[in-house]
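Work through the exercises below with the sequence and the 3D view open. Each task is followed by a solution in steps.

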Amino acid sequence: MGSILHLINIMKYKCIIFDCDGVLVDSEAISSSVLTEMANELGVTISQEEALENFTGKSLKYSLNYIENIFGKSLPSDFEYQFRIKSFEQFAKNLKPINGIHEVLNQLNVPFCVASSGPMEKIVRNLTTTKLIHYFEGKIFSSYEINSWKPEPHIFLHAAKKMGFDNTNCLIIEDSITGIEAAKKGGFDVIGFVNDNNKERFKNENIPICFSMNELSNLLK
């Protein structure tokens, strides 16, 4: 995987669309930990590694269906509600912004927004907890608003339209294969944000990548 500087012309973009979990806020490990703990309490053995591999970038509905298939029956009726409560508690105590993201956002001189598969309440809570909310007031777009989730492209198309741009003018920043698939389906260019949890999955993706927000910051200047 080569340097992104040779693979993308940043000057052509008029809008940057950020994913939230794993790109703006370091939430994926927290969510996966809560979900695996709750599943294990039911007798469904799922490791943290398996959860990160299979749930990152996917809708909660997909993750719950995955657990149900192993469980062999329906999850308790309040499982999703309890997951939301417990994950919000952990986010409030332990959630951090992705290292360097404040610097990236401070230096951007084109419009930008966030487009996430998560519910609006979660996005707003997590951006508030990490002191990122002021960057995105009025520019937060959730799959729950349009009832379409990645890997379908509609959340990115919706965000671009609301921001006043078409897909060819927008650049997506994503950390999941699901999100990258959504971006490609929508005709967007996309940069993959690589971390320890996803680097193996990115090996076969023919897209520009970056390994840190410092690298992304240098590119976007």
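Buried means under 20% relative accessible area. The model is predicted.

**Exercise 1.** List the buried residues of helix α8 and find what covers them.

Solution. 
- Step 1. Locate helix α8, which spans residues 154-163.
- Step 2. Apply the cut-off: the buried residues of α8 are Ile 155, Phe 156, His 158, Ala 159, Ala 160 and Met 163.
- Step 3. Relate the spacing to the helix: an α-helix has 3.6 residues a turn, so residues three or four places apart point the same way.
- Step 4. Look for the cover. Among the elements over these buried residues are β1, β2, β3 (140-142), α7 (143-146), β4 and α9 (177-185).

**Exercise 2.** Describe the largest nonpolar core and say which element gives the largest share of it.

Solution. 
- Step 1. This core holds 34 residues, and those touching the most other members are Phe 18, Leu 24, Ile 101, Leu 105, Leu 127, Phe 136 and Leu 216.
- Step 2. Two or more residues each come from β1 (15-18), α4 (79-94), α5 (101-107), β2 (112-116), α6 (120-129), β4 (170-174), β5 (189-193) and α10 (213-220).
- Step 3. The largest share, four residues, is given by α10.
- Step 4. Take one member, Leu 105. Leaving out residues up to four places away in sequence, Leu 105 touches Phe 18, Phe 112, Leu 132, Tyr 135 and Phe 136.
- Step 5. A second, separate core has 21 residues, including Ala 159, Ala 160, Ile 172 and Ala 183.

**Exercise 3.** Count the aromatic pairs and work out the geometry of two of them.

Solution. 
- Step 1. The count is six aromatic pairs.
- Step 2. Phe 112 and Phe 136 pair edge-to-face, with 5.4 Å centre to centre and 80° between the planes.
- Step 3. Phe 112 is in strand β2 and Phe 136 in the loop between α6 and β3, 24 residues apart.
- Step 4. Phe 112 is buried at 8% relative accessibility, and Phe 136 is buried at 0%.
- Step 5. Phe 156 and Phe 188 are also edge-to-face, at 6.1 Å centre to centre and 65° between the planes.
- Step 6. Phe 156 is in helix α8 and Phe 188 in the loop between α9 and β5, so this pair ties together parts 32 residues apart in sequence.
- Step 7. Ring pairs also join Phe 18, Phe 112 and Phe 136 into a cluster.

How values were computed:
Residues numbered from 1 in each chain as written. Predicted model: local features only at pLDDT ≥ 70, side-chain atom pairs only at ≥ 80, totals over all residues. Heavy atoms only, no water. Core = buried A, V, L, I, M, F, W, Y, C linked by side-chain atoms within 4.5 Å. Buried < 20%, exposed > 50% of the residue type's maximum accessible area, 1.4 Å probe, protein only. Contact = heavy atoms within 4.5 Å. Phe/Tyr/Trp six-rings, centres within 6.5 Å; stacked < 30°, edge-to-face > 60°.
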